[in-house]
Amino acid sequence: GKPKGVPISHRNLVHSTTARFRFYPEPVKRFLLLSSFAFDSSVVGIFWSLCQGGTLVLPRQKQEQDVYDIAALIARHNISHMLCLPSLYYLLLEHGGPGNLGSLKTVIVAGEACTADLVRAHYRLLPRTTLYNEYGPTEGTVWATACAIPADFSGNVVPIGKPIPNMQVYVLDAHQQPVPLGVAGELYIGGEGLTAGYLNRPDLTAERFIANPFRSTERLYRTGDLVRWQPDGQLAFLGRVDQQVKIRGHRIELEEIEAVLLDLEGIGQAV
């Protein structure tokens with residue numbers, strides 16, 4: 001498909017960065033930036049590190065794709081903070097060696113669903129390092145909810161947490177009415193991180209950014225993600241309300257793949 005542009009304002013970015021100061025207890029000393037500058041999560045490392053007086057460590061090209069190089073960088077530069085995809089972090093735990101990862105104080109996974117197996121692997125190797133699970137689309141300026149996963153976590157579904165400072169979340173049904181505790185619904189987000197919409201796409205902006213039915217002067221973003229409230233007040237991610245999936249952090253619309261397959265000679269149906 002054709003990528004969508006999401007203009008992010010300075011106000012959005014200030015919110016996103018200062019919310020980290022309030023949410024995370026451990027200040028950044030050295031942050032390893034594994035994402036490309038073209039990927040939205042890069043603003044996490046850049047502005048969080050520099051605004052707290054930390055050091056931003058940039059790997060050489062291709063280093064961020066090799067778990068052995070990443071582990072060596074963490075050990076060499078005494079990295080305290082890192083954000084990466086859960087799938088990449090699992091490989092790092094498997095092949096990087098706890099001796100190389102011992103300087104880490106805060107590890108954040110985001111961009112894909114975090115599994116219970118990953119949580120157990122993390123605390124088995126790094127019991128003194130706190131693991132956080134973040135959730136948020138680009139349309140909400142990188143993050144909207146977060147959860148510090150406890151070392152004694154024993155569940156099957158890793159929560160995506162509660163709303164970060166100055167963000168609101170709603171779990172609504174098809175009529176945009178709140179659903180009860182434990183019932184699945186679509187996640188809507190609002191607050192200071194909410195962007196203006198899509199660049200030069202007023203039709204799509206109107207479809208996804210709606211008037212907030214609970215606060216008349218504000219808007220909400222329809223994430224398309226299916227969630228439910230847990231008894232402890234945390235959100236659990238259940239999947240998509242449509243067929244969108246994420247592969248290595250990139251949004252993939254399965255309908256677009258099906259459409260291409262159906263254009264091929266000899267293909268009558270595709271799923």
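Q: Which residues of helix α3 are buried?
A: This is a predicted model, where local features need pLDDT of at least 70, side-chain atom pairs count only at pLDDT 80 or more, and totals for chains, interfaces and linings use all residues. Residues are numbered from 1 along each chain as its sequence is written, and side-chain values use heavy atoms, with hydrogens and water left out. Helices are DSSP runs of H or I, at least four residues, and strands are E runs of at least two, numbered from the N terminus. Buried means under 20% relative accessible area, and exposed over 50% (1.4 Å probe, protein chains only); in α3, residues 67–77, the buried ones are Val-67, Ile-70, Ala-71, Leu-73 and Ile-74.

Q: Why do the buried residues of α3 line one face of the helix?
A: Look down the axis of α3 and take the directions from the helix axis to the C-beta atoms. The buried residues line one face because they fall within an arc of 160 degrees.

Q: Which residues are exposed on the other side of α3?
A: Now turn to the other side of the helix. The exposed residues there are Tyr-68 and Arg-76.

Q: Which residue just after α3 takes a positive phi?
A: Step just past the end of α3. The phi there is about 55 degrees, and the residue is Asn-78.
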